[in-house]
Protein chains: 2
Amino acid sequence: MSRTAKKSGTRARRRPGRPEGTAHREAVRVDLLRAARELFAKRDFTAASVREIAAAARVNPAMIHYHFGDKDGLYRAMLEDTLGPMMRRLQALTEEPGNAREAVPLREVLAGVMTTFAREPWLARLIVREVLAEAGPFRETFIREIAPRAGGRLPKLLRRAIEQGQVRADLDPTLGTLSFMSLVVFPFIALPIAEKVLGIRMTDAFVERLIDHSTRMFYEGAGQKQSRNASR
Amino acid sequence: MSRTAKKSGTRARRRPGRPEGTAHREAVRVDLLRAARELFAKRDFTAASVREIAAAARVNPAMIHYHFGDKDGLYRAMLEDTLGPMMRRLQALTEEPGNAREAVPLREVLAGVMTTFAREPWLARLIVREVLAEAGPFRETFIREIAPRAGGRLPKLLRRAIEQGQVRADLDPTLGTLSFMSLVVFPFIALPIAEKVLGIRMTDAFVERLIDHSTRMFYEGAGQKQSRNASR
DNA sequence: ATTTAAATTAAACGAATGTTTAATTAATGC
DNA sequence: GCATTAATTAAACATTCGTTTAATTTAAAT
């Protein structure tokens, strides 16, 4: 849909040589990034081969090296291309309030991130793969730039939420961040298994219920209101 | 520590032939399972090579095929060996109450599982890798036997907890299960990154605080007690 | 119009992978 | 005590992997 085969059918089974269109170069780049995104979300970095990715993009494997240098370069470009927009949106959400008195947009961050995860199924999977990785082409960038912008900002947000009385005063901002991330990210990577084991189905209505549920879990938990859980 | 080199130093640099000890066979099996557990938790299935695993176990790569048939067999045996005990403990915890009136041991399950995850750092990682996998040597067993015994039992437990008033009546047991798993599993796979980004350190005291925190998050959430969060 | 540069392919390359084979040594059964 | 079987190694095998090269076709520049 994004790229149009300029002449004589598809891009498959071409003879070598520069193609006729003038926008082919960009189209190949985009197709490769999209194929890489899908396959790196599905399989691990090592398990997804360049031949497989090139085939999914209907492109010669050598194009990966022509456009991105090597497999690592493709992965890096893909992850920046995929995570970048979300990070920018997240940053905008968490930096908005000019005056410190303004209500911390915790609810909006939670719902916004979960909506994004629902719309782009590969996102949560790529992030968790990166969290799980002990090393890799993107590890340093992820730790230095991505993670601080995502989880790194949350403790401050939580502290402000505590000051404003939106969150209970005895909450540890760091542990609260861990729980926040857990509630927001994990459901989406568990969905394929939840479909088989818990019998859910990933409809729009379900996603809406999930977001409402997770919001309430974060603020109120699953227990009774009157907190008769004094025993421990 | 587990295997004793029977004679003349280590097992490295041996000549071919049957070793002298009579318990060597079992020792090799155990060493291979341990090495596989550590490396499959660290790297993905494809990324962890049999040569690397064999080297970590100080054993010839061919022993993997002698003892387990192939790489898949080693992975299956390792995961059964690793997940089996936890599943049995979990099953015991969730099936205990003979009479339906007995209090549902939700708190005990939560703390028990988290304690196990803290003690065996590879467990949560292996599980999440399996959750993330779209296919693999263990996928069917995981979906048919492991997942139902873990997450599959929780909805029933939550329903009973609702009947007993331990959990609020309007909680969806399925969504509650997703949140429960999220709060229990995700923090442990995020620890390595949390150490760098949030500055935490994985001490015994921290684990204790984490478990208390997660329990409270599950029952009470992070919001204020009086639930002034009427706005939405 | 001709030359030069860009974009692409097919084919080959070396390294690494999972696996098999043949040789070798010790334990076991008779 | 001898033959057989079990447990182990080193080496080779076929395949797949990421990458490079050379050829080829078109676009762009002069």
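1. The model is predicted. Chain A contains 10 helices and zero strands, and its order along the sequence reads α-α-α-α-α-α-α-α-α-α. Of its 232 residues, 41% count as buried. When contacts in chain A between residues at least 6 apart in sequence are considered, 61% of them join residues at least 24 apart.

2. Geometry of helix α5 in chain A. This helix covers residues 106-119, that is, 14 residues. At 1.5 Å a residue it should span 20 Å, and because its end C-alpha atoms are 20 Å apart, the model agrees with that expectation.

3. The buried side of α5(A). The buried residues of this helix are A:Leu106, A:Val109, A:Val113, A:Met114, A:Phe117 and A:Ala118. They cover an arc of only 160° around the axis, and therefore lie on the same side of α5(A).

4. Packing partners of α5(A). Against which elements do the buried residues of α5(A) pack? The partners, in chain A, are α4 (71-95), α6 (121-132), α8 (154-163), α9 (173-197) and α10 (204-220).

5. Backbone at Arg58. A:Arg58 has a positive phi of about 55° although it is not a glycine. B:Arg58 likewise has a positive phi, of about 55°, and is not a glycine either. Such values deserve a comment because most residues other than glycine have a negative phi.

6. Setting of Arg58. A:Arg58 is placed in the loop between α2 (50-56) and α3 (62-68) of chain A, while B:Arg58 is placed in the loop between α2 (50-56) and α3 (62-68) of chain B. A:Arg58 counts as partly exposed because it has 17 C-beta neighbours inside 10 Å, a number between the limits of 12 or fewer for exposed and 20 or more for buried. B:Arg58 is also partly exposed, with 17 other C-beta atoms within 10 Å.

7. Interface between the chains. Contact involves 56 residues of chain B and 56 residues of chain A. On the side of chain B that touches chain A, the elements giving two or more residues are α6 (121-132), α7 (139-150), α9 (173-197) and α10 (204-220) of chain B. The largest share, 18 residues, comes from α9(B). By residue class, this side of chain B divides into 29 nonpolar, 16 polar and 11 charged residues.

Conventions:
Residues are numbered from 1 along each chain as its sequence is written. Chains are lettered from A and ligands numbered from 1 in the order in which they are written. This is a predicted model: local features need pLDDT of at least 70, side-chain atom pairs count only at pLDDT 80 or more; totals for chains, interfaces and linings use all residues. Two residues are in contact if their C-beta atoms, placed from the backbone, lie within 7 Å. Helices (H or I, at least four residues) and strands (E, at least two) are DSSP runs, numbered from the N terminus. Ala, Val, Leu, Ile, Met, Phe, Trp, Tyr, Cys and Pro count as nonpolar, Asp, Glu, Lys and Arg as charged, and the others, Gly among them, as polar. The expected span of a helix is 1.5 Å times one less than its number of residues. The arc is that of the directions from the helix axis to the C-beta atoms.
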